[in-house]
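Please read it alongside the sequence and the structure shown here.

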Number of protein chains: 2
Amino acid sequence: MDDTQLQLSSQVCFPLYSASRLITKAYKPFLDEMGITYPQYLVLMVLWEKDGLTVNQISEKLLLNTNTISPLLKRMEKLDILQRNRSAEDERSVIIQLKEKGKQLKDQAKPIPDQLLKILLNDNIELSEVLQLKEMLNHWIQILTENNKNKIEK
Amino acid sequence: MDDTQLQLSSQVCFPLYSASRLITKAYKPFLDEMGITYPQYLVLMVLWEKDGLTVNQISEKLLLNTNTISPLLKRMEKLDILQRNRSAEDERSVIIQLKEKGKQLKDQAKPIPDQLLKILLNDNIELSEVLQLKEMLNHWIQILTENNKNKIEK
DNA sequence: TATATTTGCATCGTGCACGATATAAACGCA
DNA sequence: TGCGTTTATATCGTGCACGATGCAAATATA
């Protein structure tokens, strides 16, 4: 009986899982200096692009459930990075707005993308490979989110 | 000032992080039936390939620290999937061995890789794309683990 | 051989992820 | 208007991840 398929090296999921963890770890020194974690950095990137979003809007952009985002935002509020306020129009919604500290972190974050690219490019990875990987992954994400929606509808 | 680099869509790390979570979620229905989690499935794949490894050997194969693996293995011992025994030659080491239940789970797991491939292939992803992605990710993992080692040595 | 260092594993604390559940506001409709 | 349903968020429980720390066995070194 052929068991090669059940070997770690044959699965595409394991490299995906490991690469994700390792690259998050590569961000860590930079984020440590800013006093935030990687998921918190993701929230900031969303808010830097458009401030004043609801919890739900942020969770949709990050493909994370609100039960992950909710406590995360509370921690960021405690860090004085943002504030949470109930919406006046819809009392159910909570509007997230950057505070001064959250806005200032943007300047500190500016060099991060370049420095991370450097880590990869310095070691025989072509920029085209980075872009290709990104494109492929986005395609997969599209498929896998569709796949998820179908399951929920059933 | 150009902020495009700080946009979520420009970062390669976010698709990696999302795709990893989404594909793990795609495994979930199959693993639920087996009564295990995705990291536990990874441990099993390692042990199915070679039984009787130490905690350290497993952690190296999975690129996870022992402080993640240790409690994970304890939970699997409680599930009667494996047993943990101190090595006779080196009292510091703990040998992990599959129990009957752990061995039987292999049969149940056999169809999983194919079924996951189907989810991807059914939606316009070529097998060649899967293989290409795997290859690229493995290259990245190699670079990022090297990068990590260098940091530790410093 | 005594002591310092390394190694293998475990424990602790914190922060995600996420399924399940709760709760209150908003909405739909008879 | 009244009431069932949907929607937005929060809470709870469990299982990772992982840095920091602890501890005992093995090894290296003076």
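**Briefing on the chain pair and its surroundings**

In this model, which is predicted, 51 residues of chain B are in contact with 51 residues of chain A. The elements that give two or more residues to the side of chain B that touches chain A are α1 (13-34), α2 (38-49), α5 (100-109), α6 (112-121) and α7 (127-153) of chain B, and the largest share, 15 residues, comes from α7(B).

**Interface and symmetry**

- By class, the residues on the side of chain B that touches chain A divide into 31 nonpolar, 12 polar and 8 charged.
- Chain B is superposed on chain A, with an RMSD of 0.0 Å, by a rotation of 180° with 0.0 Å of shift along its axis, and the two copies are thus related as by a two-fold rotation axis.
- Because 100% of the interface residues of chain B are also interface residues in chain A, the copies meet through the same surface.

**Surface near DNA strand C**

- There are 25 residues around DNA strand C, of which A:Glu91, B:Thr54, B:Asn56, B:Asn67 and B:Ser70 come nearest.
- Two or more residues each are given to this surface by α2 (38-49) and α4 (66-78) of chain A, together with α1, α3 (55-62) and α4 (66-78) of chain B.
- The surface near DNA strand C is made up, by class, of 6 nonpolar, 11 polar and 8 charged residues.

**The sheet of chain B**

- In chain B, 3 strands form an open sheet in the order β1-β3-β2, and the pairing is antiparallel.
- Both β1 (53-54) and β2 (82-86) of chain B stand at the edges with a single partner strand each, so one side of each is left without a neighbour in the sheet.
- Strand β3 (residues 94-98) of chain B is joined to β1(B) by 2 bridges, and these strands run antiparallel.
- The bridge partner of B:Thr54 in β3(B) is B:Ile95, while B:Thr54 is also among the residues that come nearest to DNA strand C.

**The two sides of helix α5(B)**

- Within α5(B), the residues B:Gly102, B:Leu105 and B:Ala109 are buried, and because the buried residues fall within an arc of 45° when seen down the axis of α5(B), they line one face of the helix.
- On the other side of α5(B), by contrast, B:Glu100 and B:Asp107 are exposed.
- The buried residues of α5(B) pack against α1, α2, β2, β3 and α6 of chain B.

Conventions. Residues numbered from 1 in each chain as written. Chains lettered and ligands numbered in written order. Predicted model: local features only at pLDDT ≥ 70, side-chain atom pairs only at ≥ 80, totals over all residues. Contact = placed C-beta atoms within 7 Å. Helix = DSSP H or I, 4+ residues; strand = E, 2+ residues; numbered from the N terminus. Nonpolar A, V, L, I, M, F, W, Y, C, P; charged D, E, K, R; others polar. Least-squares fit on C-alpha atoms with pLDDT ≥ 70 in both. Near = placed C-beta within 6 Å. Pairing = 2+ DSSP bridges. Buried ≥ 20, exposed ≤ 12 C-beta atoms within 10 Å, placed from the backbone. Arc of directions from axis to C-beta.
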